[in-house]
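Please look over the structure below before reading on.

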Amino acid sequence: MYKVEGQIKQINNLQKLEGNTGLNQVQTMILETKDKYPQELPVEFWNKAIESLSQYKVGDTVTVSMNVNSNKWKDRFFVKLKGFKIETGNEVTNTEQNPDRDIEVDFPVIFFICSSFCNTI
């Protein structure tokens, strides 16, 4: 399993494929990595995994969990990136950074400090 963070550059239309295992669906997205030398990676989402892709749009920053699959045919190798999970990128929201908590403001103490300091000047 691999995780890659990047920005969604393209989401292709849903394709329906019929094969030995019956009818399958696949949707491919192009993910641009945030490396020093960015790469555009085609990541395929198959059948049930397509549902996780449907809530994202082009331009979103995401982290994709994927498997790398390869096939050998006539001494050649073909590699596919098959995504199975997609999450919002590592952007931290204000709510996550500062969880709900009670903040008590003690105005009399602040006023006392200020008035004590101001009287000495």
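Where does Lys74 lie? Lys74 is in the loop between β5 (61-73) and β6; helices (H or I, at least four residues) and strands (E, at least two) are DSSP runs, numbered from the N terminus. The model is predicted, and local features need pLDDT of at least 70, side-chain atom pairs count only at pLDDT 80 or more, while totals for chains, interfaces and linings use all residues. Residues are numbered from 1 along each chain as its sequence is written, and side-chain values use heavy atoms, with hydrogens and water left out.

Lys74 counts as exposed because its relative accessibility is 65%, where buried means under 20% relative accessible area, exposed over 50% and partly exposed in between (1.4 Å probe, protein chains only). The phi of Lys74 is near 50°, a positive value in a residue other than glycine. Most residues other than glycine have a negative phi.

Asn47 also has a positive phi, near 45°. Asn47 sits in the loop between β4 and α1 (50-53), and its relative accessible area of 34% makes it partly exposed. The side chain of Asn47 makes a polar contact with the side chain of Asn24 (3.1 Å); such a contact is a pair of N or O atoms within 3.5 Å, and within protein one must be able to donate a hydrogen and the other to accept it, with residues adjacent in sequence counting only if both atoms are side-chain atoms.

Asn24 belongs to strand β3 (residues 22-33). Asn24 is buried because its relative accessible area is 15%. Leaving aside residues up to four places away in sequence, Asn24 touches Gln15, Lys16, Leu17, Trp46 and Asn47, contact meaning heavy atoms within 4.5 Å.

Now to the whole chain. The protein chain has three helices and six strands, and from the N terminus on its elements run β-β-β-β-α-β-β-α-α. Of its 121 residues, 26% count as buried. Among contacts with a separation of 6 or more, 52% are between residues 24 or more positions apart.

How confident is the predictor, and in which elements? The mean pLDDT, the predictor's confidence in each residue from 0 to 100, is 81 for the protein chain, and 73% of the residues reach 70 or more. Among the elements, strand β4 (residues 40-46) has the highest mean pLDDT (94) and helix α2 (residues 94-97) the lowest (48).

Val79 counts as exposed because its relative accessibility is 57%.
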